[in-house]
Amino acid sequence: MDAEDSGVDSETIEEQVAEWSSNSNECFTFHLEGLDETFKPAFTYPIFGEEESIFGYQGLAIDLRLRQFDLQPKLEITWDEKFPSSAGVEPTDIKVALEDFLPECAFSGPVVERDLPERPPGELTHSYTKDGGKYEVWVSDVNDGLAERILANVQALVPMFIEGGTIVDVAGDKTQ
């Protein structure tokens, strides 16, 4: 049955789709723990398709909070209204869409605070100051447990900020 058979014209359907669709780049926000600044992804098409659109929500907000030390993510999804499932039309399952891009810890309960080391893993190889900020470059073997965890956590950012970027199998490539 098409729109004409149901008595609903295609313009009305397009308006309803637009009303219940969100631009995935605009509703997705990263928060780095300890900083007031937030940032948005450059690309979400690897997750939500070429249209970078999420259907089924009004007032949608997808917040990915990153723990400052090791970038451990915590996903929070909120909305004002959710499209009622009917006639096989379902809202986008956002968690399912993100499962291939985020580590399991992003979907679990609150971020567990652990005794974190006072410095990053590895060796400090370079430091500099720019615009009043101090920056450091550390090099570590990914066989170090903390370095491996940081690398695994940062993987989510790759396809969202690097055009054509893909997630690397951390367990399969044990290089510096």
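Visitor: What percentage of the 176 residues in the protein is buried?

Guide: This is a predicted model, in which local features need pLDDT of at least 70 and side-chain atom pairs count only at pLDDT 80 or more, while totals for chains, interfaces and linings use all residues. Residues are numbered from 1 along each chain as its sequence is written, and side-chain values use heavy atoms, with hydrogens and water left out. Buried means under 20% relative accessible area, with a 1.4 Å probe and protein chains only. Of the 176 residues, the buried share is 31%.

Visitor: Is Ser24 buried or exposed?

Guide: Ser24 is found in helix H3, residues 24-27; a helix here is a DSSP run of H or I with at least four residues, numbered from the N terminus. Because its relative accessibility is 0%, Ser24 counts as buried.

Visitor: Which residues does Ser24 touch, not counting those up to four places away in sequence?

Guide: Contact means heavy atoms within 4.5 Å. With residues up to four places away left out, Ser24 touches Thr44, Phe48, Glu52, Ser53 and Ile54.

Visitor: How many helices and strands are there in the protein?

Guide: Strands are DSSP runs of E with at least two residues. The protein has seven helices and 10 strands.

Visitor: What share of the contacts between residues at least 6 apart in sequence joins residues at least 24 apart?

Guide: These contacts are counted in the protein between residues at least 6 apart in sequence. The share joining residues at least 24 apart is 59%.

Definitions and conventions
Buried means under 20% relative accessible area, exposed over 50%, partly exposed in between (1.4 Å probe, protein chains only).
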